[in-house]
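User: Please take a close look at the ligand and what surrounds it. Then walk me through the other local features worth checking.

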Amino acid sequence: MSYSPCLLKGQKALVTGASSGLGEASARCLAKAGAAVVVNYHSEKEEAESIVHDIVADGGEAIAIGANVAKEDGVKTMFAQMLREFGTIDILVNNAGLQKDAAFVDMTLNDWNLVINVNLTGQFLCAREAAKEFLRRGVKPDVSCAAGKIICMSSVHQVIPWAGHVNYATSKGGIDMLMKSMALELAPQKIRINSIAPGAIETQINTAAWSTPEAKAKLLQLIPSGRVGIPDDIGKAVVWLASDDSDYVNGTTLFVDGGMTLYPGFAKGG
Ligand code: BGC
(Lines give C-alpha, C1' and ligand atoms only; values in the text may rest on other atoms or scores of the structure.)
Protein backbone atom coordinates (compact mmCIF):
# COMPACT_ATOMS: atom_id res chain seq x y z
CA MET A 1 0.00 0.00 0.00
CA SER A 2 1.27 3.46 -0.69
CA TYR A 3 0.50 6.87 0.78
CA SER A 4 1.78 10.26 -0.03
CA PRO A 5 4.84 10.35 2.23
CA CYS A 6 3.87 14.01 2.75
CA LEU A 7 0.58 13.30 4.51
CA LEU A 8 2.17 13.06 7.98
CA LYS A 9 5.53 14.60 7.17
CA GLY A 10 7.28 16.09 10.19
CA GLN A 11 4.90 14.39 12.63
CA LYS A 12 6.02 12.19 15.50
CA ALA A 13 3.88 9.20 16.40
CA LEU A 14 3.86 6.72 19.27
CA VAL A 15 2.11 3.38 18.77
CA THR A 16 1.72 1.27 21.89
CA GLY A 17 1.80 -2.49 21.58
CA ALA A 18 3.34 -2.17 18.14
CA SER A 19 5.44 -5.36 18.04
CA SER A 20 2.64 -7.31 16.32
CA GLY A 21 -0.91 -7.23 15.02
CA LEU A 22 -2.86 -3.99 14.74
CA GLY A 23 -0.12 -1.95 16.42
CA GLU A 24 2.49 -3.20 13.98
CA ALA A 25 0.25 -2.40 10.99
CA SER A 26 -0.48 1.05 12.43
CA ALA A 27 3.22 1.78 12.92
CA ARG A 28 4.13 0.63 9.42
CA CYS A 29 1.28 2.59 7.79
CA LEU A 30 2.10 5.78 9.75
CA ALA A 31 5.75 5.49 8.72
CA LYS A 32 4.73 5.06 5.06
CA ALA A 33 2.70 8.25 5.38
CA GLY A 34 5.84 10.10 6.54
CA ALA A 35 5.59 10.06 10.34
CA ALA A 36 8.56 9.24 12.58
CA VAL A 37 7.36 6.37 14.74
CA VAL A 38 8.04 5.00 18.20
CA VAL A 39 7.36 1.26 18.12
CA ASN A 40 6.44 0.49 21.72
CA TYR A 41 6.65 -3.11 22.91
CA HIS A 42 6.17 -4.91 26.19
CA SER A 43 8.06 -8.19 25.89
CA GLU A 44 8.71 -8.66 22.14
CA LYS A 45 11.89 -6.60 21.82
CA GLU A 46 13.28 -8.46 18.80
CA GLU A 47 10.02 -8.19 16.88
CA ALA A 48 9.84 -4.44 17.61
CA GLU A 49 13.44 -3.96 16.51
CA SER A 50 12.84 -5.83 13.30
CA ILE A 51 9.85 -3.56 12.50
CA VAL A 52 12.07 -0.52 13.19
CA HIS A 53 14.70 -2.03 10.91
CA ASP A 54 12.18 -2.44 8.06
CA ILE A 55 10.89 1.13 8.45
CA VAL A 56 14.39 2.58 8.43
CA ALA A 57 15.42 0.40 5.45
CA ASP A 58 12.40 1.85 3.64
CA GLY A 59 13.70 5.40 4.21
CA GLY A 60 11.54 6.11 7.28
CA GLU A 61 12.36 7.02 10.85
CA ALA A 62 11.59 4.77 13.83
CA ILE A 63 12.84 3.70 17.23
CA ALA A 64 11.71 0.92 19.57
CA ILE A 65 10.94 1.67 23.23
CA GLY A 66 9.96 -0.98 25.76
CA ALA A 67 7.34 -0.17 28.40
CA ASN A 68 4.38 -1.72 30.15
CA VAL A 69 1.56 0.76 29.49
CA ALA A 70 -0.18 -0.29 32.71
CA LYS A 71 2.67 1.13 34.83
CA GLU A 72 2.71 4.87 35.43
CA ASP A 73 6.49 5.08 35.87
CA GLY A 74 7.15 3.06 32.73
CA VAL A 75 4.82 5.25 30.69
CA LYS A 76 6.45 8.43 31.96
CA THR A 77 9.91 7.07 31.17
CA MET A 78 8.80 6.08 27.67
CA PHE A 79 7.41 9.55 26.95
CA ALA A 80 10.55 11.20 28.36
CA GLN A 81 12.68 9.08 26.00
CA MET A 82 10.45 9.86 23.03
CA LEU A 83 10.57 13.60 23.72
CA ARG A 84 14.35 13.42 24.10
CA GLU A 85 14.81 11.59 20.82
CA PHE A 86 12.01 13.01 18.67
CA GLY A 87 11.47 16.40 20.37
CA THR A 88 7.68 16.08 20.69
CA ILE A 89 4.64 13.91 19.95
CA ASP A 90 1.88 14.69 17.44
CA ILE A 91 0.05 11.34 17.23
CA LEU A 92 -0.64 8.72 19.89
CA VAL A 93 -2.09 5.38 18.87
CA ASN A 94 -3.35 3.85 22.11
CA ASN A 95 -3.26 0.30 20.87
CA ALA A 96 -1.74 -2.04 23.48
CA GLY A 97 -4.31 -4.55 24.62
CA LEU A 98 -4.86 -8.18 25.50
CA GLN A 99 -7.48 -10.79 26.26
CA LYS A 100 -7.58 -13.12 29.28
CA ASP A 101 -10.74 -15.03 28.64
CA ALA A 102 -12.67 -17.05 31.21
CA ALA A 103 -16.23 -18.04 32.02
CA PHE A 104 -17.62 -15.33 34.28
CA VAL A 105 -17.81 -17.44 37.43
CA ASP A 106 -14.25 -18.69 36.89
CA MET A 107 -12.77 -15.27 36.16
CA THR A 108 -10.14 -14.44 38.77
CA LEU A 109 -9.51 -10.96 40.08
CA ASN A 110 -6.10 -11.20 38.41
CA ASP A 111 -7.73 -11.94 35.02
CA TRP A 112 -9.98 -8.94 35.53
CA ASN A 113 -7.28 -6.55 36.74
CA LEU A 114 -4.76 -7.50 34.07
CA VAL A 115 -7.16 -6.72 31.23
CA ILE A 116 -8.56 -3.53 32.78
CA ASN A 117 -5.08 -2.30 33.70
CA VAL A 118 -3.54 -2.82 30.26
CA ASN A 119 -6.51 -2.10 28.00
CA LEU A 120 -8.13 0.79 29.88
CA THR A 121 -5.75 2.25 32.46
CA GLY A 122 -2.91 1.95 29.93
CA GLN A 123 -4.87 4.14 27.50
CA PHE A 124 -5.53 6.69 30.26
CA LEU A 125 -1.86 6.87 31.28
CA CYS A 126 -0.54 7.24 27.73
CA ALA A 127 -3.24 9.73 26.68
CA ARG A 128 -2.50 11.88 29.73
CA GLU A 129 1.21 12.11 28.93
CA ALA A 130 0.49 12.82 25.25
CA ALA A 131 -2.09 15.51 26.08
CA LYS A 132 0.36 17.28 28.41
CA GLU A 133 2.87 17.57 25.60
CA PHE A 134 0.18 18.64 23.06
CA LEU A 135 -0.87 21.43 25.44
CA ARG A 136 2.70 22.49 26.14
CA ARG A 137 3.56 22.73 22.45
CA GLY A 138 0.25 23.87 20.94
CA VAL A 139 -0.51 23.99 17.22
CA LYS A 140 2.33 24.19 14.73
CA PRO A 141 0.42 25.08 11.54
CA ASP A 142 3.20 23.89 9.23
CA VAL A 143 2.90 20.41 10.80
CA SER A 144 -0.83 19.92 11.46
CA CYS A 145 -3.90 22.02 12.17
CA ALA A 146 -4.35 20.07 15.42
CA ALA A 147 -2.22 20.37 18.54
CA GLY A 148 -2.32 16.58 18.65
CA LYS A 149 -4.30 13.50 17.77
CA ILE A 150 -5.08 10.43 19.87
CA ILE A 151 -6.49 7.26 18.35
CA CYS A 152 -7.83 4.76 20.85
CA MET A 153 -7.96 1.14 19.70
CA SER A 154 -11.33 -0.09 20.84
CA SER A 155 -13.32 -3.03 19.49
CA VAL A 156 -16.76 -3.94 18.23
CA HIS A 157 -17.08 -5.20 21.82
CA GLN A 158 -17.50 -1.65 23.04
CA VAL A 159 -21.10 -2.23 21.88
CA ILE A 160 -21.43 -6.01 21.38
CA PRO A 161 -21.62 -7.84 24.71
CA TRP A 162 -19.29 -10.88 24.73
CA ALA A 163 -19.93 -13.94 26.86
CA GLY A 164 -16.76 -15.47 28.26
CA HIS A 165 -14.93 -12.16 27.80
CA VAL A 166 -16.50 -9.88 30.40
CA ASN A 167 -13.20 -8.24 31.36
CA TYR A 168 -12.29 -7.48 27.74
CA ALA A 169 -15.72 -6.17 26.70
CA THR A 170 -15.86 -3.99 29.84
CA SER A 171 -12.43 -2.53 29.06
CA LYS A 172 -13.60 -1.63 25.54
CA GLY A 173 -16.87 -0.10 26.80
CA GLY A 174 -14.72 1.98 29.15
CA ILE A 175 -12.48 3.11 26.31
CA ASP A 176 -15.53 4.54 24.54
CA MET A 177 -16.38 6.83 27.46
CA LEU A 178 -12.72 7.63 28.18
CA MET A 179 -12.27 8.67 24.55
CA LYS A 180 -15.46 10.78 24.38
CA SER A 181 -14.86 12.54 27.71
CA MET A 182 -11.25 13.35 26.82
CA ALA A 183 -12.35 14.59 23.39
CA LEU A 184 -14.94 16.91 24.96
CA GLU A 185 -12.46 18.29 27.47
CA LEU A 186 -9.60 18.83 25.04
CA ALA A 187 -11.36 19.89 21.82
CA PRO A 188 -11.06 23.62 22.64
CA GLN A 189 -7.29 23.16 22.73
CA LYS A 190 -7.36 21.68 19.22
CA ILE A 191 -6.70 18.12 20.33
CA ARG A 192 -8.66 15.46 18.43
CA ILE A 193 -9.42 12.12 20.03
CA ASN A 194 -11.22 9.27 18.28
CA SER A 195 -11.51 5.49 18.48
CA ILE A 196 -11.29 2.72 15.95
CA ALA A 197 -13.46 -0.31 16.66
CA PRO A 198 -12.06 -3.27 14.74
CA GLY A 199 -14.14 -6.37 14.17
CA ALA A 200 -12.47 -9.71 13.55
CA ILE A 201 -9.02 -8.99 12.12
CA GLU A 202 -6.48 -11.78 11.56
CA THR A 203 -3.93 -11.34 14.35
CA GLN A 204 -2.42 -13.41 17.15
CA ILE A 205 -5.12 -12.34 19.61
CA ASN A 206 -7.85 -14.34 17.85
CA THR A 207 -5.96 -17.06 15.93
CA ALA A 208 -8.38 -19.70 17.20
CA ALA A 209 -11.28 -17.85 15.55
CA TRP A 210 -9.92 -17.90 11.98
CA SER A 211 -7.05 -20.39 11.59
CA THR A 212 -9.06 -23.55 10.84
CA PRO A 213 -11.64 -23.84 8.04
CA GLU A 214 -14.36 -24.76 10.58
CA ALA A 215 -13.63 -21.81 12.83
CA LYS A 216 -13.41 -19.43 9.88
CA ALA A 217 -16.75 -20.58 8.45
CA LYS A 218 -18.38 -19.93 11.82
CA LEU A 219 -16.71 -16.54 12.13
CA LEU A 220 -17.81 -15.50 8.63
CA GLN A 221 -21.43 -15.92 9.69
CA LEU A 222 -20.82 -12.85 11.87
CA ILE A 223 -19.30 -10.73 9.08
CA PRO A 224 -21.73 -9.46 6.40
CA SER A 225 -18.84 -8.34 4.14
CA GLY A 226 -17.77 -11.96 3.84
CA ARG A 227 -14.12 -11.72 4.77
CA VAL A 228 -12.00 -11.58 7.89
CA GLY A 229 -10.15 -8.27 8.19
CA ILE A 230 -6.43 -7.83 7.78
CA PRO A 231 -4.24 -5.56 9.94
CA ASP A 232 -3.80 -3.01 7.11
CA ASP A 233 -7.57 -2.39 7.16
CA ILE A 234 -6.92 -0.85 10.56
CA GLY A 235 -3.56 0.76 9.67
CA LYS A 236 -5.24 2.73 6.87
CA ALA A 237 -7.97 3.98 9.22
CA VAL A 238 -5.30 5.04 11.72
CA VAL A 239 -3.51 7.13 9.08
CA TRP A 240 -6.74 8.87 8.12
CA LEU A 241 -7.68 9.67 11.72
CA ALA A 242 -4.13 10.91 12.36
CA SER A 243 -4.12 13.21 9.33
CA ASP A 244 -5.68 16.63 8.79
CA ASP A 245 -8.01 14.93 6.26
CA SER A 246 -10.16 14.04 9.29
CA ASP A 247 -9.83 17.45 10.97
CA TYR A 248 -13.58 17.79 11.67
CA VAL A 249 -13.82 14.28 13.17
CA ASN A 250 -13.64 14.38 16.95
CA GLY A 251 -14.95 12.15 19.73
CA THR A 252 -16.28 9.45 17.47
CA THR A 253 -15.70 5.77 16.83
CA LEU A 254 -14.93 4.47 13.37
CA PHE A 255 -16.13 0.87 13.12
CA VAL A 256 -13.86 -1.11 10.80
CA ASP A 257 -15.64 -4.43 11.08
CA GLY A 258 -17.02 -5.62 7.72
CA GLY A 259 -20.50 -4.96 9.11
CA MET A 260 -20.16 -7.08 12.26
CA THR A 261 -22.15 -4.49 14.23
CA LEU A 262 -25.10 -4.66 11.79
CA TYR A 263 -26.82 -7.52 13.71
CA PRO A 264 -25.93 -10.16 11.08
CA GLY A 265 -28.45 -12.56 12.65
CA PHE A 266 -31.13 -10.32 11.15
CA ALA A 267 -29.88 -10.64 7.57
CA LYS A 268 -32.69 -13.06 6.87
CA GLY A 269 -35.02 -12.95 9.82
CA GLY A 270 -36.75 -10.90 12.40
C1 BGC B 1 -11.16 -9.32 19.67
C2 BGC B 1 -11.05 -10.51 18.76
C3 BGC B 1 -12.39 -10.82 18.13
C4 BGC B 1 -13.02 -9.57 17.54
C5 BGC B 1 -14.44 -9.82 17.03
C6 BGC B 1 -11.75 -8.18 18.91
O7 BGC B 1 -11.80 -7.03 19.69
O8 BGC B 1 -9.88 -9.00 20.19
O9 BGC B 1 -10.59 -11.64 19.50
O10 BGC B 1 -12.21 -11.79 17.11
O11 BGC B 1 -13.05 -8.54 18.49
O12 BGC B 1 -15.21 -10.55 17.94
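Analyst: Helices and strands here are DSSP runs, a helix needing at least four residues and a strand at least two, and both are numbered from the N terminus. The model is predicted.

Start with the ligand. Its surroundings are made up of Gln99, Ser155, His157, Trp162, Tyr168, Gly199, Ala200, Ile205, Asn206 and Met260. By class, that shell holds 5 nonpolar and 5 polar residues. No charged residue belongs to the shell.

Now the polar side chains. Glutamine 99 places a side-chain N or O atom 2.7 Å from an oxygen atom of the ligand. Histidine 157 has a polar side-chain atom 2.7 Å from a ligand oxygen. For asparagine 206, the distance from a polar side-chain atom to an oxygen atom of the ligand is 3.2 Å. How much of the ligand's own accessible area does the protein cover? On its own the ligand has 310 Å² of accessible area, and the protein covers 90% of that.

Next, histidine 165. This residue sits in the loop between strand 5 (148-153) and helix 5 (166-186). Is histidine 165 buried or exposed? Its relative accessibility is 13%, so histidine 165 counts as buried. The cut-off for buried is under 20%. Valine 228 is 63 residues away from histidine 165 in sequence. In space, their C-alpha atoms are 20 Å apart.

Serine 4 lies in the segment before strand 1 (12-15). At 42% relative accessibility, serine 4 is classed as partly exposed. Serine 4 and phenylalanine 86 are 82 residues apart along the chain, with 21 Å between their C-alpha atoms.

Helix 1 spans residues 21-32, 12 residues in total. From first C-alpha to last, helix 1 reaches 17 Å, close to the expected 16 Å. Its buried residues are Leu22, Gly23, Ala25, Ser26, Ala27, Cys29, Leu30 and Ala31. Glycine 34 follows helix 1 and has a positive phi, near 105°.

Helix 2 covers residues 45-57. Its 13 residues reach 18 Å from first C-alpha to last, close to the 18 Å expected at 1.5 Å a residue. Which residues of helix 2 are buried? They are Ala48, Ile51, Val52 and Ile55. These four cover an arc of only 100° around the axis, so they lie on the same side of helix 2. Glu46, His53 and Ala57 are exposed, on the face of helix 2 turned away from its buried side.

Last, the backbone angles. Most residues other than glycine have a negative phi. Two residues deserve a check against that rule. Lysine 190 is not a glycine, yet its phi is positive, about 70°. Lysine 190 belongs to the loop between helix 5 and strand 6 (191-198). Tyrosine 263 is not a glycine either, and its phi is positive at about 55°. Tyrosine 263 is in the segment after strand 7 (253-256). With 63% relative accessibility, tyrosine 263 counts as exposed.

Conventions: Residues numbered from 1 in each chain as written. Predicted model: local features only at pLDDT ≥ 70, side-chain atom pairs only at ≥ 80, totals over all residues. Heavy atoms only, no water. Near = heavy atom within 4 Å. Polar contact = N/O pair within 3.5 Å; in protein donor to acceptor, adjacent residues only side chain to side chain. Areas by Shrake-Rupley, 256 points an atom, 1.4 Å probe, with all protein chains shown as cover. Nonpolar A, V, L, I, M, F, W, Y, C, P; charged D, E, K, R; others polar. Expected span 1.5 Å × (residues − 1). Buried < 20%, exposed > 50% of the residue type's maximum accessible area, 1.4 Å probe, protein only. Arc of directions from axis to C-beta.
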